[in-house]
Amino acid sequence: MSFVRSFPRLTQLTAALCLSACALAPAWGQTADTKAKLIERVLAVWHPDDVVVVMVQRPAASAMQQARIALQGRVSAEKRDATLKDIAVDIQKYVDEATPIARDTAKKQMANTVVPVLQQQFTEDELKQLVALLESPLKKKFEQLIPQMERALGEKVAAESHALIDPKMQAMTQAVGMKLRTATVAP
């Protein structure tokens, strides 16, 4: 009998919860909308779809490198250069055709992959901080200096270690070249 008497009370609680939820819904919607806009800004300054450009270019660079190796010492310098120039046209055609396809696919898949991670792992405040970081003039200045710093480091490492590394690189090149020649000459 107590259940029957408490039923109207349960109905009142349910109604109160529903009204509270309805009152808060605009705030939830605003938070979700604000968060979505922040995620759009993060994606706009971060460009995670650039990774697909690297994915497209990696096999192209590898193909060119393999072509150079395959031609090295087997044909005259003029024929090698002409062949590499001809191969470069095919490689560039591949890059030009594949890059937009990969970039468009990445943009389509972003909503299913990157956006949910950003939504789940970052609060609205953290997204604001992330946008500030990514748009920071200090970050831009640092990124502009990266090539200069990498070049300076590379030059110093090359100058200091080339005497130790060059013989190893020559031995590796000769070993690979011998194996390629053996494989192409042997029946």
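## Basis of the description

In this predicted model, local features need pLDDT of at least 70 and side-chain atom pairs count only at pLDDT 80 or more, while totals for chains, interfaces and linings use all residues. Residues are numbered from 1 along each chain as its sequence is written, and side-chain values use heavy atoms, with hydrogens and water left out.

## Nonpolar cores

In soluble globular proteins, nonpolar side chains tend to be buried together. A nonpolar core is a set of buried Ala, Val, Leu, Ile, Met, Phe, Trp, Tyr and Cys residues joined through side-chain atoms within 4.5 Å; buried means under 20% relative accessible area, exposed over 50%, and partly exposed in between, with a 1.4 Å probe and protein chains only.

The largest nonpolar core has eleven residues, among them Leu-38, Val-42, Met-110, Leu-127 and Leu-134. At least two residues of this core come from each of α1 (2-46), α3 (77-121) and α4 (124-134); helices are DSSP runs (H or I, at least four residues), numbered from the N terminus. Beyond its neighbours within four places in sequence, Leu-127 is in contact (heavy atoms within 4.5 Å) with Lys-35, Leu-38, Ile-39, Val-42 and Phe-122.

## Salt bridges

Seven salt bridges are counted, each being a side-chain nitrogen of Lys or Arg within 4 Å of a carboxyl oxygen of Asp or Glu. In one of them, Arg-80 pairs with Asp-81, and the closest N and O atoms are 3.3 Å apart. Arg-80 is partly exposed at 28% relative accessible area, and Asp-81 is partly exposed at 44%.

Lys-139 and Glu-143 form another salt bridge, with an N to O distance of 2.6 Å. These two residues are four apart in helix α5, so about one helical turn separates Lys-139 from Glu-143. Salt bridges with shared partners also join Asp-49, Asp-50 and Arg-103 into one network.

## The largest pocket

The largest pocket holds about 230 Å³ of space. On a 1 Å grid over the protein atoms alone, a pocket is an open set of points where a 1.4 Å probe fits, with protein on both sides within 12 Å along at least five of seven lines; lining residues have an atom within 4 Å of a point.

Helix α5 gives the largest share of the lining, eight residues. Residues lining the pocket include Gln-65, Arg-74, Met-172 and Arg-181. By class, the lining has five nonpolar, five polar and two charged residues.

Notes: Points joined across faces, edges and corners; volume = space filled by probe spheres on them. Nonpolar A, V, L, I, M, F, W, Y, C, P; charged D, E, K, R; others polar.
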